[in-house]
Amino acid sequence: MANAAVDIGTGATLTFGTSALALNWTAINIGERSIATIDTTHLGTTGQMTSMGGDLTTQTPIVVDFQWDSEAIPVELATAESLTVTFPQAAANTSSAATYIGTGFITKVVFPNLGVEELQMGQLEFTPDGATDFAWTDGA
């Protein structure tokens with residue numbers, strides 16, 4: 001049976017809660033979440049090393065590519081923001097799309113290359129602050 005919720009990225013949105021920064025986003029790389037692996041091996045351990053998962057998650061920075069807009073550039077680094085990534089609404093979801101929401105701040109802005117007949121593109125990195133753990137909500 002095919003997965004009815006499989007989709008492409010077209011239609012995804014990114015919303016900043018504090019700055020209301022709104023640009024033409026061309027790619028949103030959410031990155032990854034992970035937990036630490038803690039070594040629990042001791043002198044009485046036999047057979048193989050042992051470990052356990054930690055309690056705290058790490059979310060890598062979210063990297064966003066966008067069409068540069070000289071009148072709305074994301075230069076406010078380190079300003080506290082809430083961020084909502086809304087996924088495209090899959091055909092199987094009739095009322096809402098999936099979301100990924102958390103808090104952090106912009107830590108990096110890559111300015112565009114300026115060339116003849118070249119679309120000006122920028123990039124930013126949004127680093128989670130850990131104050132609000134990023135949360136996934138399924139589409140419905």
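**Exercise 1. Is glutamate 117 buried or exposed, and what is its relative accessible area?**

Solution. The model is a predicted one, in which local features need pLDDT of at least 70 and side-chain atom pairs count only at pLDDT 80 or more, whereas totals for chains, interfaces and linings use all residues. Residues are numbered from 1 along each chain as its sequence is written, and side-chain values use heavy atoms, with hydrogens and water left out.

Step 1. Glutamate 117 has a relative accessible area of 82% and is therefore exposed (buried means under 20%, exposed over 50%, and partly exposed in between, with a 1.4 Å probe and protein chains only).

Step 2. Glutamate 117 lies in the loop between β7 and β8 (strands are DSSP runs of E with at least two residues, and helices are runs of H or I with at least four, numbered from the N terminus). Its phi is positive, about 55°, although the residue is not a glycine.

Step 3. Alanine 20, in the loop between β1 (13-16) and β2 (24-29), also is not a glycine and has a positive phi, of about 60°. Alanine 20 is exposed, with a relative accessible area of 57%.

**Exercise 2. Describe the setting of glutamine 59, from its strand to its polar contacts.**

Solution. Step 1. Glutamine 59 belongs to strand β4, which covers residues 51-59, and with a relative accessible area of 14% it is buried.

Step 1. Leaving aside residues up to four places away in sequence, glutamine 59 touches Ile30, Gly31, Glu32, Arg33, Tyr100, Pro128 and Phe134 (a contact means heavy atoms within 4.5 Å).

Step 2. Two of these neighbours can be examined further. A polar atom of the glutamine 59 side chain lies 2.8 Å from the backbone oxygen of isoleucine 30, and the side chains of glutamine 59 and tyrosine 100 make a polar contact of 2.4 Å (a pair of N or O atoms within 3.5 Å, where within protein one must be able to donate a hydrogen and the other to accept it, and residues adjacent in sequence count only if both atoms are side-chain atoms).

Step 3. Glycine 130 is 71 residues from glutamine 59 along the chain, yet their C-alpha atoms are separated by 8.5 Å.
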